Amino acid sequence: MNRIIPLVLAVALFMEQMDSSVIATSLPAIAKDIGTSPIALKLALTAYLVSLAVFIPVSGWMADRFGAKNVFRWAIAVFVIGSVACAASNSLLAFVVSRFLQGMGGAMMTPVGRLVLVRSTPRHQLVSAMAWLAIPALIGPMVGPPVGGFITTYFSWHWIFLINVPIGLLGIWFATQFLPDNLERSQRPLDWPGFILSGVGMSAVVFGLSVVSLPYLPPAIGFATIAVGIVSAILYVRHARTAANPLLDLSLFNNQVFRSAVIGGSVFRLGIGAIPFLLPLMFQIGFGLNPFQSGMLTFISAIGAMGMKFGANRVFARFGFRNTLMFGSLISAAFIAVNGLFTPATPYAIILTLLLISGFLRSLFFTGVNALAYAEIPDAQTSQATPITAVAQQVSIALGVALAGGILEVSTAIHGGSLRLADFHIGFFIIAAVSAIACFIFARLAPDAGRELSQKEIEKDPAPADAPSTMAVK
């Protein structure tokens, strides 16, 4: 496998993922400097998510029309420009607009980067390539809090954004040198009604969930916005059935493998989306740790994620995608529930060991899900599949945070006090149960689903005699 391509893509995605999480630690310092409150500044976090929701659906069309390599480089450039604008912001409005600009770049980087990877990697090497690409998505949120705390404490919050400039310029240079050129261009027109409906639907749902989970606005506004988003999404589904060139081709869901990968991965990602929200809060409120100490504890999961890349392909080749994802989702859900057993008296060695293992398992799971989504998708339709998977990821993560926030709100309302350690324990148990539901979705897969993704490994290490010997023709 040509590891240069996934590593080039991973550098840009790591920059995006770390930036998205590092800002949370620095909100108080930024708010004080620009003369606003940390609660009001959460609008900047929401603006970024809304921007992603609006522009991710059009990323596939952009890649087909202007070339995936070109769009990826321009996406990095827009993200860097947005980063500089964030560092230069001196008001709440300027900061929110700058974060929205950053989101425009981020919306193109993730799905287009994955599209480049899928188109340039043989299918039997896709699991290994996805393993390299999955690392920044898992490491970024873990590295962000301690790095943000360190930079804000010992330097200035401005460097959180300015550090993206050299990383982004290197990313553009490496992309120019090493990413393949696709000279074919699609001339299909942009589905403007689909773009408007999908943009309104996705952004309204994400904005509404953010308001509900982090209520800096009345929750009624959040629920009303979610309702608008759901109506727009329904209208888009009706539109896509009759449109000649729909922006997001929902007919891909007729393929069971793609459907299971997207829906099963989204259900499990509800729990994963809640962990970066619940775990640091529990360590800080329930354990009394400071943000930097909390970040150093959660960082161990990133090390587990890095270790996964060395054996992912052989695991799926040996046990199959169905079995690995079924049992992997159950075991990973169990490790989410284990977080609900941590107390200040729990030895840190035990906490670190369990978080290390959980990072490994989650990384293995998402590597398999991300690769499986493309197992039976023709190359001509990969530009349709990538934005669908990216949209599903963003919505499921937002739902996970909203679910976690809602659980804490209900739990504190029941006992009528402030947040307690027991409230976080309840949250982990509930989101673990929700994540475990993914097992039943993957159980519907055929035993040989995704077999071609690890065919070379199967040839080197033959499967047991009772395993299917041929891939069913879909």
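pLDDT is the predictor's confidence in each residue, from 0 to 100. I start there since this is a predicted model: local features need pLDDT of at least 70, side-chain atom pairs count only at pLDDT 80 or more, and totals for chains, interfaces and linings use all residues. Residues are numbered from 1 along each chain as its sequence is written, and side-chain values use heavy atoms, with hydrogens and water left out.

The protein chain has an average pLDDT of 83, and 89% of the residues reach at least 70. Of its elements, helix α19, residues 438-442, has the highest mean, 94, and helix α20, residues 455-460, the lowest, 53. Helices here are DSSP runs (H or I, at least four residues), numbered from the N terminus. Over residues 461-474 pLDDT stays under 50. For that stretch the model has 16 contacts (heavy atoms within 4.5 Å) beyond four places in sequence. Where pLDDT is low, the predicted coordinates should not be read in detail.

Next, a helix pair. Helix α5, residues 92-120, packs against helix α17, residues 382-415, at about 135°, the axes being 9 Å apart. Axes are lines fitted to C-alpha atoms, for helices over the stretch in contact, and angles run from 0 to 180 degrees between N-to-C directions. From α5, Pro111, Arg114 and Leu115 are among the residues that meet α17, whose side includes Thr382, Pro387 and Gln393.

Last, Leu43, in helix α2, residues 38-55. Leu43 and Phe207 are 164 residues apart in sequence and 9.5 Å apart in space, C-alpha to C-alpha.

Technical notes:
Helix = DSSP H or I, 4+ residues; strand = E, 2+ residues; numbered from the N terminus.
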